[in-house]
Amino acid sequence: MAVAVARATVRVADFLRDHAPLLRKLQWGIVALYAFLLIVPAAMPLPDNTASVFNNLTVVAQFAFWGIWWPFVLVSMPIMGRAWCGLFCPEGMLTEWASERGKGLAIPRWMRWGGWPFVAFALTTIYGQLVSVYQYPLAVLAVLGGSTAAAMVVGWRYGRSKRVWCKYLCPVNGVFNLLAKLAPWHFKVDEQAWRHPVIRIQAVNCAPLVPLRHMKGAADCHMCGRCSGYRGAIALTPRSPEAEIVDVAGGDAWQTALVVFGMMGIAIGAFLWSASPWFVTVKQAAATWLIDKDIMWPLLDNAPWFILTHYPDVNDTFSWLDGACILFFIAATTAVVGGALYAGLWLADRVLPAVQGRTAWGGAGLHKLAQPLIPAAGIGVFLGLSATTITLLKHEGVQALWANPVRFTLLSLAVAWTLRLAWRVMGQRTQSTGRKLAAWLLFAAGLVPFCIAWLLLFVAW
């Protein structure tokens with residue numbers, strides 16, 4: 001059975017390699033659909049309360065982007081690796097196309113900074129909340145269209161037939177990189193065969209700039225199949241979904257920041273604020289204080305739509321105070337949930353035997369311990385995005401009594417997987433059951449506020 005599966009995966013990879021022109025035509029079709037859903041609704045009047053997916057293009061686009069595309073692209077990462085990036089992503093296609101016709105300048109040092117995946121994710125997530133990206137097509141055009149335009153400019157300037165934007169600046173590159181570590185497939189490199197190739201060697205253009213000879217996992221690979229069979233040394237191979245987290249991934253400070261304070265902090269705050277009664281309480285208290293002090297400008301709602309939500313025709317406008325309170329709520333949620341997670345990691349790292357490079361605030365051991373959080377972080381982002389899916393389905397009259405049981409089943413499974421991965425990773429640091437159990441309990445305690453946040457959103461509020 002295992003041999004049959006291995007042979008089938010190799011045939012799939014070879015098909016992708018041998019049918020690259022066909023796949024590029026498919027990508028251009030996706031680009032055309034993406035551009036249509038991005039641009040046309042932005043030029044149309046806003047839908048009224050009677051609009052539905054059956055009679056209004058704006059609602060169709062909203063459902064396509066936020067009800068189907070983003071939630072299930074996330075789901076595809078731990079199932080198929082970054083196949084979306086390599087085979088379907090319109091932004092990746094466009095940046096590579098632009099790079100083939102561009103100036104081909106050297107990639108600047110500032111672009112190689114390791115913090116961009118976290119910073120880009122944080123800024124895009126927060127900005128999306130300020131302009132209500134899930135509700136309005138102009139906001140979608142600003143966020144997604146702006147990202148696509150930037151991808152093309154970067155490709156044109158620095159590409160040389162490479163996906164420089166995808167490698168360094170894409171706002172979701174870091175998230176996809178982390179989730180792909182759970183994929184049950186990867187392109188495995190046989191180092192012995194690489195050194196002594198027995199077949200004719202043809203140049204391979206690895207668009208996402210992966211160093212093929214030293215490729216160990218699926219995190220950076222776009223699964224496009226171009227390197228399948230290269231030097232007789234690279235083949236798409238099944239593996240344990242836990243292999244990369246436990247045996248390969250080491251993590252670094254920016255990946256830890258993205259998991260702990262990005263996906264499990266900023267993203268949670270972005271999903272929670274609109275449903276939270278605490279947000280309303282804080283805003284009312286701030287408004288009362290401002291009125292008492294005769295400071296009225298923060299209560300004005302005169303910001304343009306591309307800074308804060310401003311659609312007076314449908315009675316939906318944000319004041320400057322609204323924007324400030326959204327930022328405060330997201331920051332506070334990040335501090336509470338992310339802070340608890342980081343504290344759990346830090347304490348667990350202190351209980352376990354020291355590793356080389358440990359510092360007062362962490363180090364290699366802590367960053368390795370953060371990697372098991374990926375399943376929980378991924379399901380958190382999926383639950384938040386799929387909440388929009390459920391809302392849109394309810395608007396179409398679909399009953400969703402099944403939603404919460406499914407949500408908490410998925411959350412429970414993801415947290416259980418995270419705890420299992422943590423136990424395995426800790427086992428590499430110590431053979432002492434007592435120390436490992438103490439560290440594991442501290443790690444688990446750090447997850448409590450994260451789980452409580454979902455109970456508040458889906459049950460209490």
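The protein is divided into domain 1 (1-180) and domain 2 (247-460), with bounds that come from an automatic or database domain assignment. The model is a predicted one, in which local features need pLDDT of at least 70 and side-chain atom pairs count only at pLDDT 80 or more, whereas totals for chains, interfaces and linings use all residues. Residues are numbered from 1 along each chain as its sequence is written, and side-chain values use heavy atoms, with hydrogens and water left out.

The centres of domain 1 and domain 2, taken over C-alpha atoms, are separated by 23 Å. To the contact between them (heavy atoms within 4.5 Å), domain 1 gives 40 residues and domain 2 gives 39 residues.

In secondary structure, the protein has 19 helices and four strands, where helices (H or I, at least four residues) and strands (E, at least two) are DSSP runs numbered from the N terminus. Because its radius of gyration of 23 Å is close to the 23 Å that the globule rule gives for 461 residues, the protein is as compact as a globular protein of that length; the radius is taken over C-alpha atoms, and the rule is 2.2 Å times the number of residues to the power 0.38. Along the principal axes, the C-alpha atoms fill a box of roughly 80 × 60 × 45 Å.

Of the 461 residues, 50% count as buried, that is, under 20% relative accessible area with a 1.4 Å probe, protein chains only. Among contacts in the protein with a separation of 6 or more, 79% are accounted for by residues 24 or more positions apart.
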